[in-house]
Amino acid sequence: MNSITDLQRAKRQGRVISMVTCYDHWTARIVQRSEVDCILIGDSAAMVAHGFDDTISATPEMMAWHVRAVAKGAPDKLIVGDFPFLAHRKGEAAAFETADLLMKAGAQAVKIEGLRGHQEILRALVESGVPVMGHLGLTPQSLHAFGGFRVQAKQRQAADQLVRDALELQTLGCFSVVLEAIPNDVARRVTEALDIPTIGIGAGPDTSGQVLVLQDLLGMNPDFEPRFVRRYLDGSNLFREALDRFACDVRQGEFPAEKETYGCSKSSTA
Ligand code: KIV
């Protein structure tokens, strides 16, 4: 799957879409060889790759470097680059600058959190040929406004508003919408109301697709165990065990072995 039309066709054909985040080149090469449909270079890079507590510290330049590394490693996947904190709220010129950076770095589409207050910017980007994925529910850039990473749209009024917002994103021309940390019923309502695909994270089984942070599904952070994550690997322990074996071999003089060294060629004098 390497275009937004492939993604939209998947929804029409009832094929469920799989998406993972990715931030670096060597991991992208593994995703490229996998069955996963598409890649989000999320601003979660600020947390996962740079160690910040939230996504607020991501910048357009940071995102562009990650997009560039991933796009080179996964040429056959749809690559979506995330707009970082406030990049779409500093006026049209700044939003275009960010879209320009991300797409020249190799993204085929961008993802933008929220709706209200930047509708015109969304419209202008779409009309300029920038495919935009929306993002509603728990939009992590608004973490401090929400008072923490909390499930959204639990009350009837908020749920109704979220359905209306999703419809408006579709009207503005978004090709897909991420739904994060909302009740299953609300995600189902949105998915049924929209023609464009919904991609859920912590939004239950009834969305058009699912996205997870790659390091979460690989179990790379043993201290992070939210309800919506399924671990497919005990990555943290597997990596550590490999490192321990290397350190042990080095200490005991068992690495490198003869076959892991270079000899001089007999004819060489240098
Ligand atoms: O930045 C990110 O990783 C995201 C996903 C959680 C959807 O926005």
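**Figure 1. Polar side chains around the ligand in the predicted model.** The structure shown is a predicted model, and a polar side-chain atom of Asp 43 lies 3.0 Å from an oxygen atom of the ligand. The side chain of Ser 44 likewise places an N or O atom 2.5 Å from a ligand oxygen atom, and for Asp 82 the distance from a polar side-chain atom to an oxygen atom of the ligand is 3.3 Å. The residues around the ligand also include Thr 21, Leu 40, Gly 42 and Lys 111, together with His 135, Val 178, Glu 180 and Ile 201.

Figure 2. Eight strands close into a barrel in the order E1-E2-E3-E4-E5-E6-E7-E8, with parallel pairing. Neighbouring strands of this sheet are turned by 25 degrees against each other on average, with direction ignored. The protein chain as a whole holds 11 helices and 8 strands, and its C-alpha trace spans about 75 × 40 × 35 Å along the principal axes. Of the 270 residues in the chain, 47% are buried, while residues 24 or more positions apart account for 57% of the contacts with a separation of 6 or more.

**Figure 3. Strands E1 and E2.** Strand E1, which covers residues 17-21, pairs with E2 in the parallel sense over 3 bridges, and Val 20 stands opposite Ile 39 in E2. From strand E2, residues 38-41, Cys 38 and Leu 40 point one way whereas Ile 39 and Ile 41 point the other way, and all of them are buried. One of these residues, Leu 40, is also among the residues around the ligand.

**Figure 4. Strands E5 and E6.** The pairing of E5 with E6 is parallel and runs over 5 bridges, and His 135 has Val 178 in E6 as its bridge partner. Both His 135 and Val 178 are listed among the residues around the ligand.

**Figure 5. Helix H8 and what covers it.** Helix H8, residues 156-172, has 17 residues and reaches 24 Å from its first C-alpha to its last, which is close to the 24 Å expected at 1.5 Å a residue. Its buried residues are Ala 159, Leu 162, Val 163, Asp 165, Ala 166, Leu 169, Gln 170 and Leu 172, and what covers them includes helix H6 (119-127), strand E5 (132-137), strand E6 (176-180) and helix H9 (184-193). Just after H8, Gly 173 takes a positive phi of about 110 degrees.

**Figure 6. Glu 127 of helix H6 and Leu 172 of helix H8.** Glu 127 is found in helix H6 and has a relative accessibility of 64%, so this residue counts as exposed. Leu 172, by contrast, belongs to the buried residues of H8. The C-alpha atoms of Glu 127 and Leu 172 are separated by 9.2 Å, although the two residues are 45 residues apart along the chain.

Figure 7. Ser 236 lies in helix H11, which covers residues 235-251. Its relative accessible area is 18%, and Ser 236 therefore counts as buried, given that the cut-off for this class is under 20%. Leaving aside residues up to four places away in sequence, Ser 236 touches Leu 218, Gly 219, Met 220 and Pro 222.

Key. Residues are numbered from 1 along each chain as its sequence is written. This is a predicted model: local features need pLDDT of at least 70, side-chain atom pairs count only at pLDDT 80 or more; totals for chains, interfaces and linings use all residues. Side-chain values use heavy atoms; hydrogens and water are left out. Helices (H or I, at least four residues) and strands (E, at least two) are DSSP runs, numbered from the N terminus. The expected span of a helix is 1.5 Å times one less than its number of residues. Buried means under 20% relative accessible area, exposed over 50%, partly exposed in between (1.4 Å probe, protein chains only). Contact means heavy atoms within 4.5 Å. Two strands pair if DSSP finds at least two bridges between them. Axes are lines fitted to C-alpha atoms, for helices over the stretch in contact, and angles run from 0 to 180 degrees between N-to-C directions. A residue is near a molecule or strand if one of its heavy atoms lies within 4 Å of it. A polar contact is a pair of N or O atoms within 3.5 Å; within protein, one must be able to donate a hydrogen and the other to accept it, and residues adjacent in sequence count only if both atoms are side-chain atoms.
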